[in-house]
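Subject: Structure handover and what was found in it

Dear colleague,

I am handing over the structure that you will be working with, and below it I describe what was found. Please keep the model open beside this message as you read.

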Amino acid sequence: MEQGAARERATEGPSVRCGDPAPGPYAPGGGAGPARVPEQARGEHTHGESPLSGDGPRTVRRHSVRGQILDALRTALVAGELRPGEVYSAPALGERFGVSATPVREAMQRLAVEGAVEVVPNRGFRVVVRTARELAELAEVRALIEVPVMLRLARTVPAARWAALRPFAEATGAAAARGDRAHYAETDRAFHREVLALAGNEQLLVIADDLHRRSQWPLLSAPVLRHADLVADAAEHSALLDALVAQDLPVVESLVREHFTGANG
């Protein structure tokens, strides 16, 4: 269970979220020396709205600042606080987080590599506007990669190994029950990483996690996600584990394909 977390830290640094998990999307984490974040600091955008909503100041722990900011920006993307089509400047977001523009710019450049934002010269970074077709294409590619792997794992992995993944499935259920979409996105990725890690292929984990993250960015005109849909999506994790333990290959394939087109799968 600790192996997946170690891989995450190795590639991106410590993943620590900022602020409160409810109602805002950021949760407290480790590190030392929290930086106070001004309430009124704003990013550059197109519709005159504050880029990061919430009633209280945000905090960013100083340990591995770039990783902290990257995690916070990814969370804001999933939560819809960084809106598709809007432009955000690194200095203004840095002021919001109580850090210099440099780690924000570095984090945004990483998001540009991932395809989440694009550089706008002399202005900042625009959140990419995605389409329903792109989301469908991502689901298709994920199925092409993950379905064969999970079917092979279903035939070869003993039941005791699947039992060790129950806490990851339960974590997705807890986040869904709270209606915490941002935390659900994190626990959903963690569950899938732990399952695929049993294949022993590090390159598979990197590619699958990138595709998974891209599939979680909201569409410009996405409908409001119903709480019941998120709970149902989370329940599919436990159902998948049951099918893997039973080596029920048709059910495994069906659940994986359906999950990719679900609420946040």
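Two residues are said to be in contact when heavy atoms of theirs lie within 4.5 Å. Please bear in mind throughout that this is a predicted model.

The protein chain has 11 helices and five strands, and of its 265 residues 47% are buried. Among the contacts in the protein chain with a separation of 6 or more, 74% are between residues 24 or more positions apart.

The nonpolar cores

In soluble globular proteins, nonpolar side chains tend to be buried together. Which residues touch the most other members of the largest nonpolar core? They are W162, L240 and V252, in a core that has 29 residues. At least two residues of this core are supplied by each of α5 (132-156), α7 (166-178), α8 (181-197), α9 (202-215), α10 (227-246) and α11 (249-260), and α5 gives the most, namely eight residues. Another core, of 23 residues, lies apart from this one, and V104, A107, F125 and V127 are among its members.

Two residues to look up

A139 is found in helix α5, and, with a relative accessible area of 10%, A139 counts as buried, because buried means under 20%. When neighbours within four places in sequence are left aside, A139 is in contact with F260 and T261. A139 and E258 are 119 residues apart in sequence, while their C-alpha atoms are 9.4 Å apart in space.

P250 has its place in helix α11. Is P250 buried or exposed? Its relative accessible area is 61%, and P250 is therefore exposed, since that word applies over 50%. The C-alpha atoms of P250 and L151 are separated by 8.8 Å, although these two residues are 99 residues apart along the chain.

How helices pack

Two packed helices are described by the angle between their axes and the distance between the axes. For α8 and α10, the axes come within 12 Å and cross at roughly 15°. Angles under 35 degrees count as roughly parallel, so α8 is roughly parallel to α10. The crossing in which α8 passes α10 is left-handed. On the side of α8 the contact is made by R181, Y184, D188, F191 and H192, and on the side of α10 by L230, D233, A234, H237, L240 and L241.

A second pair of helices is α3 (residues 90-97) and α4 (residues 101-114), whose axes come within 8 Å and cross at roughly 115°. The crossing of α3 and α4 is right-handed. A90, P91, L93 and G94 of α3 make the contact with A101, V104, R105 and M108 of α4, and V104 is also one of the members of the core of 23 residues.

The sheet

Three strands form an open sheet in the order β3-β5-β4, with antiparallel pairing. Why is one side of β3 and one side of β4 left without a neighbour in the sheet? β3 (87-88) and β4 (117-120) stand at the edges, and each has a single partner strand, so one side of each has no neighbour there.

β3 pairs with strand β5 (residues 124-127) in the antiparallel sense over two bridges. In this pairing, V87 stands opposite R126 of β5, and Y88 stands opposite F125 of β5. F125 is also among the residues of the core of 23 residues.

The pairing of β4 with β5 is likewise antiparallel and runs over four bridges. Here V120 stands opposite G124 in β5, and the bridge partner of E118 in β5 is R126. β4 and β5 form a hairpin with three residues between them, and in the turn N122 has a positive phi of about 65°.

With best wishes

Terms used
Residues are numbered from 1 along each chain as its sequence is written. This is a predicted model: local features need pLDDT of at least 70, side-chain atom pairs count only at pLDDT 80 or more; totals for chains, interfaces and linings use all residues. Side-chain values use heavy atoms; hydrogens and water are left out. A nonpolar core is a set of buried Ala, Val, Leu, Ile, Met, Phe, Trp, Tyr and Cys residues joined through side-chain atoms within 4.5 Å. Buried means under 20% relative accessible area, exposed over 50%, partly exposed in between (1.4 Å probe, protein chains only). Two strands pair if DSSP finds at least two bridges between them. Axes are lines fitted to C-alpha atoms, for helices over the stretch in contact, and angles run from 0 to 180 degrees between N-to-C directions. Angles under 35 degrees count as roughly parallel, over 145 as roughly antiparallel, 65 to 115 as roughly perpendicular and the rest as oblique. A crossing is left-handed if the near helix is turned anticlockwise from the far one by less than a right angle, and right-handed if clockwise.
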